[in-house]
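Please read them with the structure open.

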Amino acid sequence: MNRMVLLETDRLRFREHEPRDLEAFCALEQDADFRRYVGGRPRTRNEAEQRFERFLAPVTGPRLVATELKDEGRYIGYCGLHPHVDAGGPVAREAALAFYLAPDVWRQGFATEAGRAWIRFGFERLELTRIVASVDARNAASLRVLEKLGFQWRGTTGTAERPIHELELRAPLNRRNRPG
Ligand SMILES: CC(C)(COP(=O)(O)OP(=O)(O)OC[C@H]1O[C@@H](n2cnc3c(N)ncnc32)[C@H](O)[C@@H]1OP(=O)(O)O)[C@@H](O)C(=O)NCCC(=O)NCCS
């Protein structure tokens, strides 16, 4: 296995971002459909490039990673686990799940397939006790994916114009209460 590959599923490969992903990454960030419920407006090319720089920077710990179709080797977006940060800072043994995929691959079960893999990775390898997700309340596709993955609604934050549903998935009982 390539040393940059972090995880694989039947159809997907997850790896660190590389400079060659720049064009595909910027195309996503500049796409109005992609950005509808995550930020609301397409990023400019300049904003997308600045964001891409941050995705290339070395980071320890969970982060969102490049996602490609195994059969085509094509970059289709990014997903994975990233730190769950609340008012007190990063929450120990918790992470947030997120997926950001290109519109031309939607509705083929890729986000669900990716989510299953990252949940398993989070509970088994990172020994997380809880995984959370925050979703624009209008983002029916994302809410449906999280429902399929077993997430439960825990509350709604955000604003009247942009309510955000907060969801959680707790570790299976036999994985909780281990020493941290
Ligand atoms: C949200 C997102 C990740 C879903 O990816 P996906 O690969 O299409 O998801 P899946 O195919 O695994 O599942 C989508 C589910 O939502 C359903 N769905 C899709 N669009 C829907 C809509 N507009 N209304 C209701 N349900 C919808 C699908 O039918 C499917 O459910 P089913 O299996 O019961 O039929 C993708 O749309 C995306 O990347 N959007 C842009 C970024 C974003 O909003 N990310 C979420 C941040 S929280």
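1. Start with the side chain of Glu113, which makes a polar contact with the side chain of Thr9, at 2.7 Å. This is a predicted model, and the distance of 2.7 Å is computed from it.

2. Glu113 sits in helix 4. Is Glu113 buried or exposed? Glu113 is buried, because its relative accessible area is 16%, under the 20% cut-off. Setting aside neighbours within four places in sequence, Glu113 is in contact with Thr9, Asp10, Arg11 and Leu12.

3. The largest nonpolar core has 33 residues. Phe14, Leu97, Trp118 and Phe151 touch the most other members. Several elements each supply at least two residues of this core, including strand 2 (12–15), strand 5 (89–101), helix 5 (140–148) and strand 8 (163–170). Helix 4 gives the most, with eight residues.

4. As background, nonpolar side chains in soluble globular proteins tend to be buried together.

5. How many disulfides are there? The count is zero. Cys79 is accordingly in no disulfide.

6. Both cysteines deserve a look for burial. Cys26 is buried, with a relative accessible area of 0%. Cys79 is buried too, at 1%.

Definitions and conventions
Residues are numbered from 1 along each chain as its sequence is written. This is a predicted model: local features need pLDDT of at least 70, side-chain atom pairs count only at pLDDT 80 or more; totals for chains, interfaces and linings use all residues. Side-chain values use heavy atoms; hydrogens and water are left out. A nonpolar core is a set of buried Ala, Val, Leu, Ile, Met, Phe, Trp, Tyr and Cys residues joined through side-chain atoms within 4.5 Å. Buried means under 20% relative accessible area, exposed over 50%, partly exposed in between (1.4 Å probe, protein chains only). Helices (H or I, at least four residues) and strands (E, at least two) are DSSP runs, numbered from the N terminus. A polar contact is a pair of N or O atoms within 3.5 Å; within protein, one must be able to donate a hydrogen and the other to accept it, and residues adjacent in sequence count only if both atoms are side-chain atoms. Contact means heavy atoms within 4.5 Å. A disulfide is a pair of cysteine sulfur atoms within 2.5 Å.
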